[in-house]
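Good morning, colleagues. Please look at the structure on the screen while I go through its charged and nonpolar features.

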Amino acid sequence: MTPAAPAAAAAPPSAGPVVVRPRATLAVTSAATALTLMNYTAPMLTLPSTARAFGTPASAQAWLLNGTPLGLAVLLLVAGSLADAHGRRRVFLLGTLALGLATALGGFATSTLTFTLARVAQGAASAAVLAASLGLLAHAFPTGAGRIRATGVWGAFVSAGIALGPLLAGTLSTLADWRWTYVTLGAATLLAAALGTRALAESRAPRGGRTDLAGALALGLALAALLTALTLGRDGWLRPPVGLLALAAVVLTAVFVRVEGRASTPMIDLALFRTPAFRAATAGALFTGLAVIGFFSVLPALLQRGAGMSPLTTAWLFLLWSGTAFVVALQSRRLAGRLSATHQLALGFVLSTAGVLALFGALEGAALPRLLPGLVVAGAGSGLLNAALPRLAVDSVPGERAAMGSGANNTARYIGSSAGVALSLALATTGPDTALLVSAALSLGGAVVTPLVGRGRG
């Protein structure tokens, strides 16, 4: 009796092997990631003019910045799980298409509410792009030096997007109108989606079972409640709505943990938190959002208000910080054999602390040369963080769950950034140096906590 043929041999001849193009994958995912971060950072520079256009009161301006982080944090883990289960290319292309449309529509918003809703939609689409991007990269670069280089390049393009978003916004708001920023970014993102249809190969995790809808719902509601509480808290942390939302976030998180513990195919395997590398990746991402993204998200507005700088001058200063991060992230692969990713995170936090402290007293009327050293040092720290986090995110989870690892890591990052933005805006009302000192303290906390939780064997 002839033995049965292997399952793979039963595939029709027309199916053929999936051709993975690593360089094209890296180029398309990096470009889309840069556009995603450009969209994320653009309102940092246009916040004063956008608030004037909508008549947004100071108490509600955090929503203009926090709309995208809200959509990101709520859906990143869900998007990562869906990408692993149903196809990373599919989720990436759907996310890129949705981001292009939502970004362009944001340029036509007529009120604080409609602009914020557009930003939430942009964040939700960005979640699909960011989570699926690292999953596609992990598949295209399975191990070794190639993966280290690829994640370093991807992290550098995170810095590039952060740099170019305010510069584009500053240029277009000076030459024309701030709304053109979103129309331009929307068109560029749709182009990236078109290129992705030709350049990317499909990949998914070999896992069965149903999508964890109960876990997705519980997590989404928990994060929405938490981030709404953090944003509303700026008007008073002891108000009943803030307390009720915070309580709801705690209860829903407990529901999520219980659901994940019982699910046959959970969105996130809670046992991963026993792994030192996963704990370090999550802690590093959380402190990056709190300390670095939170403060530097509001820095352009602080410079415009306190030092009276024009939007374009502010954009060039912001480019110095984020451009330095881009260069350092690209070169960080040279540290791979000498410094672990966890210790690279700690070094990044130390440099960020030093750079932010060097800005003390310089945010209100100081001459430009006074700002430059601190921005360069803080940018170097940010570059180390941006390069180490994606590598640790995909290396700390099983290979078939790379998009989930990316989603979990970025969820922590953007929860932190939402809290950091709300905290920095609240503290800035007492003076920019107060927000600066708290950012430095949180960065130092990241330098201490990340190596501690990363100790041991998993």
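I begin with surface patches, which are made of residues with over 30% relative accessible area and no salt bridge, like charges being joined within 9 Å and nonpolar side chains (Val, Leu, Ile, Met, Phe, Trp, Tyr) within 5 Å. This is a predicted model, in which local features need pLDDT of at least 70 and side-chain atom pairs count only at pLDDT 80 or more, while totals for chains, interfaces and linings use all residues. Residues are numbered from 1 along each chain as its sequence is written, and side-chain values use heavy atoms, with hydrogens and water left out.

A patch of positive charge on the surface is formed by Arg23, Arg149, Arg333, Arg334 and Arg338. Arg333 sits in the loop between α10 (311–331) and α11 (341–358); helices here are DSSP runs (H or I, at least four residues), numbered from the N terminus. With 35% relative accessibility, Arg333 is partly exposed, a class lying between buried (under 20% relative accessible area) and exposed (over 50%), for a 1.4 Å probe and protein chains only.

The nonpolar counterpart is a surface patch of about 240 Å², made by Leu97, Leu101 and Leu190. Accessible areas come from the Shrake-Rupley method with a 1.4 Å probe, and for residues only the protein chains shown count as cover. Leu190 belongs to helix α6 (residues 179–199) and is partly exposed at 31%.

How many salt bridges does the structure hold? There are two, a salt bridge being a side-chain nitrogen of Lys or Arg within 4 Å of a carboxyl oxygen of Asp or Glu. In one, Arg88 pairs with Asp84, with the closest N and O atoms 2.9 Å apart; both Arg88 and Asp84 are buried. In the other, Asp395 meets Arg147 at 3.0 Å, N to O. That pair links distant parts of the chain, 248 residues apart: Asp395 in helix α12 (residues 368–395) and Arg147 in helix α5 (residues 144–175). Asp395 is partly exposed at 44% relative accessibility, whereas Arg147 is buried at 11%.

Finally, I turn to Thr411, in helix α13 (residues 402–428). Thr411 is buried, its relative accessible area being 8%. Beyond neighbours within four places in sequence, Thr411 is in contact (heavy atoms within 4.5 Å) with Ala73, Leu76, Leu77 and Leu223.

Methods: Helix = DSSP H or I, 4+ residues; strand = E, 2+ residues; numbered from the N terminus. Lys, Arg positive; Asp, Glu negative; His and termini not counted. Charge placed at Lys NZ, Arg CZ, Asp CG, Glu CD.
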